[in-house]
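Dear colleague,

Please find the structure below, followed by a summary of what was found in it.

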Amino acid sequence: MFRNAADGYVDAAAYGKTWERARKKVLAPNEQSTVLAKRPYDLQHAGILFWLHSGVDPAECARRAGQSIQVLFQYYAKFMDGLQEHSNRLIEESMQEWSRRSEDGSPTG
């Protein structure tokens, strides 16, 4: 993710300091004192939650995050409670579209 002055990769031992300097460059002073993007992992966590709440299939979220679906559900299932209403809306919209096409004689498949 980061390159050093010699255009090589940042050594693992220096990664924390590099991340800290990057946060100082991109975050406002009031944001720097918060836990916002405190660790690189926090960005992955936020991204996965965003995908899930956007309605992306959990299997696809797991694939993009480089995780198994089991790991995704183990760590993120507690955040998926609010997705039931969104899922119900998607199903209802699909059923209405299916019904409309059936009445029109349009192909449904």
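**Helix α1 and the overall fold**

The cover over the buried residues of α1 includes α2 (29–32) and α3 (40–53); contact means heavy atoms within 4.5 Å, and buried means under 20% relative accessible area, exposed over 50%, partly exposed in between (1.4 Å probe, protein chains only). This is a predicted model: local features need pLDDT of at least 70, side-chain atom pairs count only at pLDDT 80 or more, and totals for chains, interfaces and linings use all residues. Residues are numbered from 1 along each chain as its sequence is written, and side-chain values use heavy atoms, with hydrogens and water left out.

The buried residues of α1 include Thr18, Trp19 and Arg23. They cover an arc of only 140° around the axis (taken from the directions from the helix axis to the C-beta atoms), which puts them on the same side of α1. Lys17, Arg21, Lys24 and Lys25, on the other side of α1, are exposed.

The chain has six helices and zero strands, where helices (H or I, at least four residues) and strands (E, at least two) are DSSP runs, numbered from the N terminus. Its radius of gyration, taken over C-alpha atoms, is 21 Å, well over the 13 Å that the globule rule (2.2 Å times the number of residues to the power 0.38) gives for 109 residues, so the chain is more spread out than a compact globule. Along its principal axes, the C-alpha trace spans about 65 × 30 × 25 Å. Of the 109 residues in the chain, 19% are buried.

Yours sincerely
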